Amino acid sequence: MPDPSPVSSTNGAPKRLPVLLRRAWYGLNQAFRQRIAHLGITPDQYIILRWLSEGDPQGLTQRTLTDLMASDPNTITSTITRMEKNGLIARKPHEQDKRANRVKILPAGRRAFEKARKIAMGLQENVLAILPQNRREKFLDELEEIANSCGAVLEKTPGK
């Protein structure tokens, strides 16, 4: 990763996008992990359950989940296997593409998701409370733009 010039400086410490994004993600991920541990799911499993809850009622393919999670196929397959063993989701062959599986949320997964969702919403509110109410939506919009820009840079990576 290139080491760009600092955008600005506070107390002599340069502000760098990768470091700030990593710190924000790590802190949020660990706080959420602690808060949902009693549900027997991880933050990544919660996100999969969220995509399945919001997606096609017939289920999503593993490829779709991999893309939505911005992850790699092996990680998603491993996570889905654990979730299936825990009775949260089920895989079934895709009705048209015999190489693909559809992943569908089961009642136990939906219950875990609903409990974790309340925790996630509270945590988000708690974290965003640092910003005035009138700036929160704009911040999230700008963060989405940054995420989209990062994805676009990845797609343009030479040799890919």
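This briefing covers the fold, a helix pair, a surface patch and a salt bridge.

The model is predicted: local features need pLDDT of at least 70, side-chain atom pairs count only at pLDDT 80 or more, and totals for chains, interfaces and linings use all residues. Residues are numbered from 1 along each chain as its sequence is written, and side-chain values use heavy atoms, leaving out hydrogens and water.

**Overall fold**
- The protein chain has six helices and five strands. These are DSSP runs, numbered from the N terminus (helices: H or I, at least four residues; strands: E, at least two).
- From the N terminus on, the order is β-β-α-α-β-α-α-β-β-α-α.
- The C-alpha atoms fill a box of roughly 55 × 40 × 25 Å, taken along the principal axes.

**Helices H5 and H6**
- H5 (residues 107-128) packs against H6 (residues 133-155) at an angle of about 110 degrees, with the axes 11 Å apart. Axes are lines fitted to C-alpha atoms, for helices over the stretch in contact, and angles run from 0 to 180 degrees between N-to-C directions.
- H5 is therefore roughly perpendicular to H6 (65 to 115 degrees).
- Gln 124, Glu 125 and Leu 128 in H5 meet Gln 133, Arg 136, Phe 139 and Leu 140 in H6 (heavy atoms within 4.5 Å).

**Nonpolar surface patch**
- Leu 17, Leu 21, Phe 139, Leu 140, Leu 143 and Ile 146 form this patch, with about 440 Å² of accessible area together (Shrake-Rupley method, 1.4 Å probe; for residues, only the protein chains shown count as cover).
- Patch residues have over 30% relative accessible area and no salt bridge, and nonpolar side chains (Val, Leu, Ile, Met, Phe, Trp, Tyr) are joined within 5 Å.
- H6 gives the most, with four residues. Leu 21 lies in helix H1.

**Salt bridges**
- The whole structure holds eight salt bridges (a side-chain nitrogen of Lys or Arg within 4 Å of a carboxyl oxygen of Asp or Glu).
- One of them joins Glu 54 and Arg 50 (3.9 Å, N to O). Both lie in helix H2 (residues 43-54), four residues apart, about one turn of the helix.

How values were computed. Parallel < 35°, antiparallel > 145°, perpendicular 65-115°, else oblique. Patch = residues over 30% accessible without salt bridge, like charges linked within 9 Å, V, L, I, M, F, W, Y side chains within 5 Å.
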